Amino acid sequence: MNSSEAVRRCAELLRLFDDADLPDNTRRLYGAQWRQFVAWCAARRSLPLPARPRLVVLYLASLARERLAPSTIKAAGQAIAKAHELSGQAPPTSSPIVIAWRRRLVAGGAHEQQQAAPLTAEQIRQIIASIDDDLVDLRDRALLLVGYAARLRRADLVRLDVADVRIAADEIELVVPARRILLPRGCHPITCPVRAVRAWLDAAALPAHGPLFVGINRWGQLGDRLSDRAVGLIVQARAREAGLMIKGISADSLHVGPPDERRLL
C-alpha cells in the first residue's frame, strides 16, 4: 500500500468508535486514544489497523517518553486492542513483543508516578465550551463544574445524591460527608455550576432519592451511579476533545490547584 492509500485508510478509521456498542465514557476515551494513534500512524505513513506489534511498541514507548500517566498508556493499549476486535482483527497487544515491553515498563519504572495536573479556570472554560447539549453533555458539564467549583474528590462527587443538592436562585448547597458547601452562581453563564446542575436535573428527571450522576448508554437510557473511575474517564476524554494535551490529567485534577481559580468561573 502506497503512502496516499495509507493516509486515506487512516482517515476512514478515525470514526471507528463512533457507533461502537460500549459504555459512553469508555467509547469517548477509547475514541480519543484511537484517533491519537491513527494520527501518529498517519504521520509515519503506517497502517493503524491491522497494526504491527512492533509499531504498537514504538507508539506506547513514545507515550512513556512523554512521561504520561500509567493509566493513559494503559488506556491507549486497550483502545488499540478494542479497535482491532471491532474490526475482526487479532489485537496486536496480545503479541509476545508487546506483552514483554509492558512488563519491562512496569518492572523498570520507566516513568515516575505523576501527581494530578491541576486545571485552571481558563482550561475548564475551554473544556466546557467544547461540550454540546445532549443528555450526556448536560451530565458531564454539571459533573465537571460541580467537581471543580466545590473542589470535590472523585469519591465525594459520585457519592452525591439528588437529595444532597439544594438549588436556590443564586446558589447551590451540597451536602457532603461532615460538611456543607455553598456554590454561588458563576460569573459566566457557560461555566455557572448552578445553571449546569439545574439543566441536568431538568433534562434527566432523576428520582428524588437516587444518585445525582448516573451512567447513560448510547440510546440515552439512564443507568446506575457513576463509579469514581468513570469520573477519570470523563475528565480525560473531555479534555482531549477540547484539544488540551495535559500530562497527568485525571479526576483529581478537579480538586487540586489554587482555590482562587474557582472564583473565575
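The notes below concern a helix, a residue within it, and some backbone features in loops and at a helix end. The model is predicted.

**Helix 7**
- Helix 7 comprises 16 residues, and its first and last C-alpha atoms are 22 Å apart, close to the 22 Å expected at 1.5 Å a residue.
- The helix is mostly covered, as 15 of its 16 residues are buried.
- R151 follows helix 7 and has a positive phi, near 55°.

**Residue D137**
- D137 is located in helix 7, which covers residues 135-150.
- Because its relative accessibility is 3%, and buried means under 20%, D137 counts as buried.
- Its side chain reaches the backbone nitrogen of D133 at 3.3 Å.
- Apart from neighbours within four places in sequence, D137 is in contact with R28, I131, D132 and R238.

**Backbone features in loops**
- Most residues other than glycine have a negative phi, and most peptide bonds are trans.
- The peptide bond from L49 to P50 is cis, with omega near -5°, and P50 lies in the loop between helix 2 (24-43) and helix 3 (53-65).
- R45 also has its place in the loop between helix 2 and helix 3; its phi is positive, near 55°, and at 63% relative accessibility R45 counts as exposed.
- A205, which is not a glycine, has a positive phi of about 50°.
- A205 lies in the loop between helix 9 (193-204) and strand 4 (214-216), and is exposed, with a relative accessible area of 62%.

Note on methods: Residues numbered from 1 in each chain as written. Predicted model: local features only at pLDDT ≥ 70, side-chain atom pairs only at ≥ 80, totals over all residues. Heavy atoms only, no water. Helix = DSSP H or I, 4+ residues; strand = E, 2+ residues; numbered from the N terminus. Buried < 20%, exposed > 50% of the residue type's maximum accessible area, 1.4 Å probe, protein only. Polar contact = N/O pair within 3.5 Å; in protein donor to acceptor, adjacent residues only side chain to side chain. Contact = heavy atoms within 4.5 Å. Expected span 1.5 Å × (residues − 1).
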